[in-house]
Each structure stands twice: as structure tokens, then as C-alpha cells.
Amino acid sequence: MDNLPRGTLVNLKDLSIGEITEILDIAEEFMEGKRANLGDKLVANLFFEPSTRTRYSFEAAESRLGCQVLSFAKEASSMLKGESLYDTVKTFSQYVDAIIIRHSEDNFYEDLLGNIPVPIINGGDGSGNHPTQSLLDLLTIRQEFGRFEGLKIVIAGDIAHSRVAHTNIEVMRRLGMEVFLSAPPELQDDEEYVELDDIIGEVDIVMLLRVQFERHQEKLNISQEEYHRLYGLTLERYEKIQDHAIIMHPAPVNRGLEIDDSLVECEKSRIFKQMKNGMYIRMAVLYRALTKGDEDDSY
Ligand code: CP
């Protein structure tokens, strides 16, 4: 959609490779000590689903940029009197300069775009998209390998319910990466799948996904031990990973389920690095949304 407020970010498909690269570059500048003071800007964080990383790394980013923040609690709002998401967001847009929203509905933003006068940033929509997570994943990969083209990644786990997988598959293929998917039959969608054991020794990146029990209509027909043995990153599978390869996971992690507990913080793991990168990515995304591209007015 044309003419959205600058900095609106609901789906990475809307950004060109150049725009994605620009966000990664700004995030690296913040990591290397770039400072900005957006003290006259006010941001609202509207989280309708639980979150630790996205919510608090946005808050940390807002604080580091000097922004003022309005936090939102649905239980204390007029949504309990029946007010719609649309009217709630439109109301906030009268007070603030940008709005971060996480919501359990896929594409929750469709009715909002074009009607809200400030940038909306998607903090994760249902099983749809998680653009800032993918950006932090890309930053982590670029820091490690210095490129995307030709890299091989296997994304393994609950693909069907994963907004992270859906966003990463599209953008990583667009960047020239070879993306393999591996999942139990119950957790597959209409992509092609491979056995983890057949590919794990060939890839540069092993990305595990959390089994999202809260989104499952039917329970998996296997025990947690069996899931770990059949589909998880076990110690045995870890031995097959190439020396230079890295392990990623968007977290929260079900330790001992999709990944052996002892591997969460192993030498090849970049899981906590991803979390730190998330703060710098969210600083860059906010900076882009709040400065209108005019760097001079932000210092
Ligand atoms: N990776 C991620 O989105 O984590 P949270 O649900 O804790 O925000």
C-alpha cells in the first residue's frame, strides 16, 4: 500500500533488499556506539500476547533512544467495555508518534493500514509474520558470515505455527540463501520438507523453532522425549554439524525438547547474541520510523 507513514513495518515483503540492508547497517552503528536522542518522541507498546524479548527489547531500545513510552494493558483499557482494536489503535495514534503491536491474529494490521496516521510496527502477528525477529536473525547471520548469498540454513521444528519461519523463508530466499525445512508431519505446511538427519551436516545455520503448544488445535501424538529424539537437536545430531556452522533459535526455548539443554549456550549457539541484536535492530527500526530520514534533527 502506498503513502503509509514512513517507518511502517508490518511485513518484510514490503521492504526492498536495500531497505533491509539499511536497517541492518543502522543497527550495527548503534551497536558500535552511535547515539541518538529522540526525546521529543512518544511511542506506545500495545502487546496483546505475552512477550519477553520483543516487548522488553523494544522498551530498552526506546529508552536508549531517549523516547517516552506508553505501555498498554488490555485489562485496564476500554477494550474491556468492547472497544475494538481499530478504535484503540486510532485513539493511541492521537497521542504518540509510533505504535508497536503484537497480536494473536494473523494480519491484524490489515484494517489499520491506511487509516492510522503514525507508523505501525508489527511485533508479531499470530502465525503470520515477525519482521523485527527476522531482521535480528539476518543481522546475526551477516555478523557471522559477512554475506547471505549461497548460505544454507535448515529451519527445524514447528514450521506451521511459526511467524518467524514464515518471515525468514521469504526473506532468506530473496537474499539468495538456500532454505531447507524440517518438521514432524503434524507441524508441516505446504512447503517441501527434508529429514533433519539428511541435511544437518551440510548447512551453515541450524535454526530450531519452539514447539508452540499454545497454538496447537490437536496435541502432537508423541511424547516430549520422542519429539526430542526424532526431531530435536540432540547431542548426537550436534556431532554432525559442520565446524563453522552456528545454531540459532528465536526463543523462548523449550530446553530439552527442540534442543538439548546443554546446547542452548554451547560454543556454536548464537541464541543470546540474537537477543542482544534484537535491541539494536529495534533501535534501528524505531529510528527509521521517528526521524523522517533527517539525521540532523535527532542528535
Ligand atoms: N522471539 C520472540 O518473539 O520472543 P518473545 O515472544 O519473548 O517476544
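## A ligand between two domains

Start with the ligand: domain 1 (12-128 + 276-297) and domain 2 (132-271) both give residues to the shell around the ligand, so the ligand lies between them. Keep in mind as you go that this is a predicted model.

Where the domains meet, domain 1 puts 31 residues into the contact and domain 2 puts in 25 residues.

**Second stop: the shell.** Now select Ser 51, Thr 52, Arg 53, Thr 54, Arg 102, His 130, Gln 133, Pro 250 and Ala 251, and you have the residues around the ligand. What is the make-up of this shell by nonpolar, polar and charged residues? It divides into 5 polar, 2 charged and 2 nonpolar residues.

Zoom in on Thr 52, where a polar backbone atom is 2.8 Å from an oxygen atom of the ligand. Step along to Arg 53: here a polar backbone atom is 3.0 Å from a ligand oxygen. Of the 260 Å² that the ligand exposes when taken alone, the protein buries 91%.

**Last stop: the pocket.** Where does the ligand sit? You will find it in the largest pocket.

Key
Residues numbered from 1 in each chain as written. Predicted model: local features only at pLDDT ≥ 70, side-chain atom pairs only at ≥ 80, totals over all residues. Heavy atoms only, no water. Near = heavy atom within 4 Å. Polar contact = N/O pair within 3.5 Å; in protein donor to acceptor, adjacent residues only side chain to side chain. Areas by Shrake-Rupley, 256 points an atom, 1.4 Å probe, with all protein chains shown as cover. 1 Å grid on protein atoms, 1.4 Å probe; cavity = no way out; pocket = protein on both sides within 12 Å on 5 of 7 lines; lining within 4 Å. Sits in = over half its atoms within 2 Å of the grid points. Nonpolar A, V, L, I, M, F, W, Y, C, P; charged D, E, K, R; others polar. Domains from an automatic or database assignment. Contact = heavy atoms within 4.5 Å.
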